[in-house]
Structure formats: structure tokens, C-alpha cells
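Trainee: I would like a close look at one part of this model. Please take me through it in one go.

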Amino acid sequence: MKIFNTLSMQMEEFVPLVPGKVRMYVCGPTVYNLIHIGNARPMIVFDTVRRYFEHKGYEVDYVSNFTDVDDKIIKAAMEEGVSAEEISKRYIEECKKDMAAMNVRPATVHPLATQEIPGMIEMIETLIDKGHAYVKNGTVYFRTRSFNEYGKLSHKNLDDLRSGFRDLKVTGEDEKEDPLDFVLWKPKKEGEPSWPSPWCDGRPGWHIECSVMAKKYLGEEIDIHAGGEDLVFPHHENEIAQSECATGVPFARYWMHNAFLNIDNRKMSKSLGNFFTVRDISKKYDLQVLRLFMLSAHYRSPLNFSADLMEAAKNSLDRIRRSAARLKDIVEYAGAGPAFDDEIAKIKEAQSFIAKFDEKMDMDANTADALSVIFDLVRFANTQVTEASSRAFSEAVLEILTNLCDVLGLVACPKTEMLDSDIEKMIAERQAARKAKDFKRADAIRDDLLSRGIELMDTKEGVKWKKA
Ligand code: AMP
Ligand code: ZN
């Protein structure tokens, strides 16, 4: 697979550090509110990259953090009169619900910044010992000029950066040796969460958390580090500086950055107020539509959000699902048996879509072109599989379609959602069966419901149910 590496600004063949394994780290959201669909873009595209690696047979260790201590969280907590922990816990839970609804698989580990403070203190101590960091009045700064490769990711020239910063000097930071130095640890302010440290009671800077979590959960050297393109500078540049100065080895081999999700050609962001939350979108659309919309563009191209494009994505998803449902019907009604002679070549043709799909994904995860291959397969299925087809052939086509969709995190054959009234009806039927001592029938109804994600609980107050 070829990956466009921000570090070299070139397409590079992906070679893992350990054969057969991929260790990737994706910067996660700061949890002070519901996530917006701009935040959802890296979640969806890098989840898809992960799924593609797995489809190719790699074992993927996927780590994505939640930033659960930060100025914005503290501000939200103060406004609501609750603790910062309450805010971050609440929005981590909400974010996980949104991720599940977008079919973004949970990471192998979702570390929380607040749970990793000892590791951060340790790395900061190492940086001080090695002369890469210094303390001023309780604040610890990274000494940027001590790392002569600083700027290698963002391809920025240190002198240009320095002169830019001189005009933008932030008050209270006059104590820094150099305007480019950044905070590793800062003293607490009244009412803020804090932790003891050798320098003062305080809290870590944002950049150090990712360096520490990546090292702890993936090792000193990792394969892929990813996030939105706004993170290239300063966040990822600073991560590289901290990690490489602390460990002495290259941090990440491949850096992948998604372009922005825009609205009216401006970045969607909380601060501009021009955002839709994932939750807003879920009220109008199945979030699979959002996922397909995101994947209909290459991840490095800006994507403009619009109602028309969402409608187009909805129609595309419907087209895939209609085709899959038709295949499923044909499979069910076809008698069991092998493929007919004239179908052998067609099965081969159906299989050739897998190679075509992989070819597109191998070019820097080109999901837009991979989706076109899926639509070619849909066309093939709609014309070549008919009511007269054998089960072997129709099943093979259905399986290929379902599997390729699954690599993109799209569910071709969704389990139909049951209406509450239907569930109640089945429960009543089960009760009647029990009364008639037909336990086999009663159990069959319970199992049927369970297979649709409905769990029954027999309580003193009667039968209750919940979505499992
Ligand atoms: P934040 O919570 O702002 O740190 O963002 C979490 C992730 O979402 C980061 O990888 C950001 O780069 C990404 N992100 C934020 N806004 C957008 C946007 N409008 N388009 C694409 N990615 C975004
Ligand atoms: Zn990060």
C-alpha cells in the first residue's frame, strides 16, 4: 500500500516496522461538547484505513486518545458549575455513542490524558535531564532550538517561524528563552484540576500527552501517526520534538493528515460556530449516510458539506442496500447446489472486483475510487444475478459485496430495526406459549428476539426488554 507521508510530502510504499503488524496512533477529540462532523472525518477515514489493513491481513494496534483536561473543558465545567471530570466523562460517553453509530470501531486502547500523568512527568524529567527542557517559575518549557530537526514535518523554516512569533508574543510568556518554546507543564490556576509534580502542582500541556500515550501503548517507534491537517503544526511538530529528544529514535514513520470538512468553503469548527454535530445529523439520516458521504472524497481533499451531497450519499447507500437485499432474497429462494457451468466464469469476474477495490485502496486509501468499484459491482450484481441463478453464484456475489462494503465500514445488509409494537407482540406470543407449556416455542421467540439485538428479562413485574 502506498501512503502519502506528510514528512516527505511523497507517496511512499508502506513497510511496517514489524512484518504483519501496524501500530497506529490517531489524535482524538477534546471532550467538552458533542463532536461535530468535522471531528468525525478523521475518525471515519482512519477507521477505514485500519479496516483496510485488517482486510490485507495485518494485525492493527490502533490507539486514539481522549483529551480530557484542557482549557475548554475547564471553561465548560465552570459555566455549568460542575467538575471538569463530569464534563469529560459525559462527552466521552456521548462520543463513543456517535462513533458506534458511525460504525467506527473502538480503538484497541482509548487512553485518557488524566490517567497518564505519571508517564508525562517521567518524559518531562527525561527532557530536562537531557537539556531539552527548562523550568521557569514552575512552568516547564521545551527548548525548541535544542532539536535541530524542528520543522521537518510542517516543512517550516525556524527563522521564519521565530520572526512570525515575535509579533504575536503572548503575555506572560516573556520568560521563555525563545518564542518557539512551548509548554510541557504549567502551574494550576484557582479552581482548575491539578496534579503534584517536581515543579509545581499543575497540569500537562496538550502536546506531551500524545507523545507519552503513543510510547506507552505502541512503543517508542510507531508505524503511522494520523490526525486532521490542522494538527501538523504545532501539535505534531511538537510531538516529534518531544518524543525524538526523549527516546533518541524516530517517532513515527508515516504521518497521515486528513483535509478539512468545510461548510461554505470554510473549515467547520466550534469556534466559528458553523458546525453540525454528529447528533444533529443522526436526527435526519442514518449515520451510514454520513460515513458514505465522507468516503466519497479522498481524505486529503477538502470536502464541502451540503444537503445535496448528503442526499446523493443517501441515494448511493440505498442503491447498495437494495442490491444486497435483492441478492439475499435470491440466495434464500435458490435451491442449495453448486454453480451452473456458465456461472463459473462469472464468479471469477465477481472476484476480480476485490483486486480492483484493493488497487484503489492501495493508492493512499482512495476511498472515492474504491466506492466506484463497489458501484460497478452493484451494476454487475443487478444484471448478472437473476432469479434463475444458483445459490453458489448469488451467495458469492453477496459475500463479496458485503465484505467490500465492510472494509469501508458500510453495512450492506442492515438488521432491520424492530418497532416497539412488534417486540411487544412477540413477547405476548411468548407468554401465551409459556402458558400453554410450549417452552420450545417460548425459547425460540426469545432467541429470535436476541438475534435482533433485543434482550428479554423476566422480572416480578412481568417481562421487560432492552436493546442488547
Ligand atoms: P479537536 O477536538 O479540535 O482537537 O479535533 C479532533 C480531531 O478532529 C483532530 O484530528 C482535528 O484535526 C479534526 N478536525 C477538527 N475539525 C475538523 C474539520 N472541520 N475537518 C476535518 N477534521 C477536523
Ligand atoms: Zn495528538
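How much area is buried between domain 1 and domain 2, and what percentage of that area do carbon and sulfur atoms give?

Mentor: This is a predicted model, where local features need pLDDT of at least 70, side-chain atom pairs count only at pLDDT 80 or more, and totals for chains, interfaces and linings use all residues. Residues are numbered from 1 along each chain as its sequence is written, chains are lettered from A and ligands numbered from 1 in the order in which they are written, and side-chain values use heavy atoms, leaving out hydrogens and water.

Start with the answer. About 970 Å² is buried between domain 1 and domain 2, and carbon and sulfur atoms give 57% of it. Buried area is the accessible area (1.4 Å probe) that two parts lose on being put together, summed over both.

Now the partners. Domain 1 spans 2-258, domain 2 spans 307-407, and the chain also has domain 3 at 420-467. These bounds come from an automatic or database domain assignment. The centres of domain 1 and domain 2, taken over C-alpha atoms, lie 40 Å apart.

Next, the residues. Domain 1 puts eleven residues in contact with twelve of domain 2; contact means heavy atoms within 4.5 Å. On the domain 1 side, K2, Y52 and H55 lose the most area to domain 2. Together they make up 50% of what that side buries.

Last, the charges. Two salt bridges are found across the interface of domain 1 and domain 2. The rule asks for a side-chain nitrogen of Lys or Arg within 4 Å of a carboxyl oxygen of Asp or Glu. K56 forms a salt bridge with D358. Their closest N and O atoms are 3.5 Å apart.
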